[in-house]
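Visitor: Can you walk me through this fold? Keep it quick, please.

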Amino acid sequence: MITAVIFDLDGVICPTDEYHYQAWKKVTDDECIYFDRDINNQLRGISREDCVNVILKRSNKNYTEEEKTKLGEKKNEIYKSLLVNVKPSDCSTQVRSTIDWLKKKGIKVGIGSSSTNAEYILEKLGMQNTFDAVVSGDDVDLVKPSPDIFLLVAKKLNSNPENTLVVEDAFAGIQAAKKGNFIACGVGEAASYYQTDYPLKSIADVILIVTKNNQLPKK
């Protein structure tokens, strides 16, 4: 029986990928490091530190740990400046109606995001009071693909991992879900990932999964 659903934030609740790309592109252009959208896709769902390490593989310069940290901080400042553009309509009607349906059926809903800007994004979306629990990269020592974020959300929701759906758009998020013994639902590129339990054509497919697993009447 499904008792809770945990959603990733970036790319699932809100399409912020373009802002991440623009921020990293500015940083890499300033450092004369090659960067494109394919490389940007490799950064989905992983920590800022890991993102920097992926990007610097294409640099001829050796960076100190302090310099790496500064690059990550520079990216985050650019990214946060772009987040002012986030508005409530960036969360689709389909996503909102799916969350509303889950809550009406007594299913707990949470956010599990590696982002350190999760609370701010939810506020910009007007969704700061929507979820029963929100856990971000600020709340754990290890982010995805470690399962720590999802495990903490599940604990806050009082839901066992094996009874909890995780909705992710990144391979690292699916890996984290499976490491934590959650049921992994993939959207976008994650729908085709080999560890994904339920490929989703849309977020609304979550309703079908919960209806079937919980043997709810179809309406």
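Predicted model: local features only at pLDDT ≥ 70, side-chain atom pairs only at ≥ 80, totals over all residues.

Visitor: How many bridges join S1 to S2?

Guide: There are 4, between S1 (residues 4-7) and S2, running parallel. Ala4 has Lys108 as its bridge partner in S2. On to S3 (residues 133-135): S2 pairs with it over 3 bridges, also in the parallel sense. There, Ile111 is partnered by Val134.

Visitor: Is S2 enclosed or open, and why?

Guide: S2 (residues 108-112) is largely enclosed by the rest of the structure, because 4 of its 5 residues are buried. Buried means under 20% relative accessible area, exposed over 50%, and partly exposed in between (1.4 Å probe, protein chains only).

Visitor: And what joins S4 to S5?

Guide: 4 bridges, linking S4 (residues 164-168) and S5 (residues 183-186) in parallel. Val167 has Cys185 as its partner in S5.

Visitor: Switching to the core. Which residues touch the most other members of the largest one?

Guide: Val5, Phe7, Ile13, Leu102, Phe131, Leu165 and Val167, out of 55 residues. A nonpolar core is a set of buried Ala, Val, Leu, Ile, Met, Phe, Trp, Tyr and Cys residues joined through side-chain atoms within 4.5 Å. Apart from that core lies another, of 19 residues, including Ala133 and Val166.

Visitor: What does Val5 touch?

Guide: Beyond residues up to four places away in sequence, its contacts include Leu102, Ile107, Val109, Leu165 and Val206. Contact means heavy atoms within 4.5 Å.

Visitor: Pockets next. What is the volume of the largest?

Guide: About 740 Å³. On a 1 Å grid over the protein atoms alone, a pocket is an open set of points with protein on both sides within 12 Å along at least five of seven lines, while a cavity is a set where a 1.4 Å probe fits but cannot get out; lining residues have an atom within 4 Å of a point. Points are joined across faces, edges and corners, and a volume is the space filled by probe spheres set on them.

Visitor: Which residues lie nearest the pocket's centre?

Guide: Ile46, Ser47, Arg48, Cys51 and Ser114, out of 37 lining residues. H4 gives the most to that lining, with 8 residues.

Visitor: What lines the largest cavity?

Guide: Trp24, Val27 and Leu71 are among the lining residues. That cavity has a volume of about 50 Å³. H1 supplies the largest share of its lining, 4 residues.

Visitor: Last one. Where is Gln42?

Guide: In the loop between H2 (37-41) and H3. Gln42 is partly exposed, at 43% relative accessible area. Leaving aside neighbours within four places in sequence, Gln42 contacts Val54 and Arg58.

Definitions and conventions: Residues numbered from 1 in each chain as written. Heavy atoms only, no water. Helix = DSSP H or I, 4+ residues; strand = E, 2+ residues; numbered from the N terminus. Pairing = 2+ DSSP bridges.
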